[in-house]
Amino acid sequence: MALDRQQQSQMMMPMKNSSGLIGYNRSPMIGDDEEELSKSALLAFRVKEEEIKKKKMEVREKVHAQLGRVEEETKKLAEIRDELEGLEDPRRKEVTSVRKKIDLVNKELKPLGLSCHKKEKEYREALEAFNEKTKEKAQLVARLMELVTESERVRMKKLQELSNNIESLGQLR
């Protein structure tokens with residue numbers, strides 16, 4: 001009786017036939033070879049499916065890695081662009097302040113120079129103040145020249161660094 005039940009359950013098992021349609025095995029005697037073929041075809045199909053899944057995952061990982069590199073390079077280029085756009089004279093405020101002081105000293109020098117010529121009695125006092133302001137102006141002009149020279153050097157160095165960064169990004173490709 002146990003055999004009869006087993007045979008009955010085999011007879012009613014759904015199976016794929018060679019055309020790919022699911023049917024019921026009506027006779028366990030007739031399809032042993034066909035059943036083996038179906039099992040091996042099903043196994044081969046599953047193996048191929050696994051290979052396809054693995055390849056798909058590999059390609060997906062490669063795409064994600066490439067996207068990560070592209071995002072990183074995009075960020076670097078954006079930083080370089082921001083630095084380049086924001087590149088101004090780093091000593092701009094100090095230069096402006098020194099220029100204003102120079103203008104103020106210039107304004108003070110004119111009346112002092114005139115008072116030297118007009119007022120002989122106060123000549124020595126006015127001459128001394130004039131000389132001090134002239135010296136101060138010379139120092140400020142010298143400082144301005146130093147600042148401008150240093151500023152140009154720093155900006156050229158920064159531009160060279162940015163240029164090198166862009167070239168190194170170009171070499172990564």
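K76 counts as partly exposed at 36% relative accessibility (that label covers the range between buried, under 20% relative accessible area, and exposed, over 50%, with a 1.4 Å probe and protein chains only). E72 and K76 sit four residues apart in helix α2, so about one helical turn separates them. Helices here are DSSP runs (H or I, at least four residues), numbered from the N terminus.

A quick word on the source: this is a predicted model, where local features need pLDDT of at least 70, side-chain atom pairs count only at pLDDT 80 or more, and totals for chains, interfaces and linings use all residues. Residues are numbered from 1 along each chain as its sequence is written, and side-chain values use heavy atoms, leaving out hydrogens and water.

K39 is partly exposed, at 49%.

Now for a longer reach along the sequence. R143 and E94 form a salt bridge at 3.1 Å, N to O. R143 belongs to helix α4 (residues 123-172) and E94 to helix α3 (residues 92-118), so the pair ties together parts 49 residues apart in sequence. Shared partners join E94, R143 and E146 into one salt-bridge network. Overall, the count is seven salt bridges.

How values were computed. Salt bridge = Lys/Arg side-chain N within 4 Å of Asp/Glu carboxyl O. Helix = DSSP H or I, 4+ residues; strand = E, 2+ residues; numbered from the N terminus.
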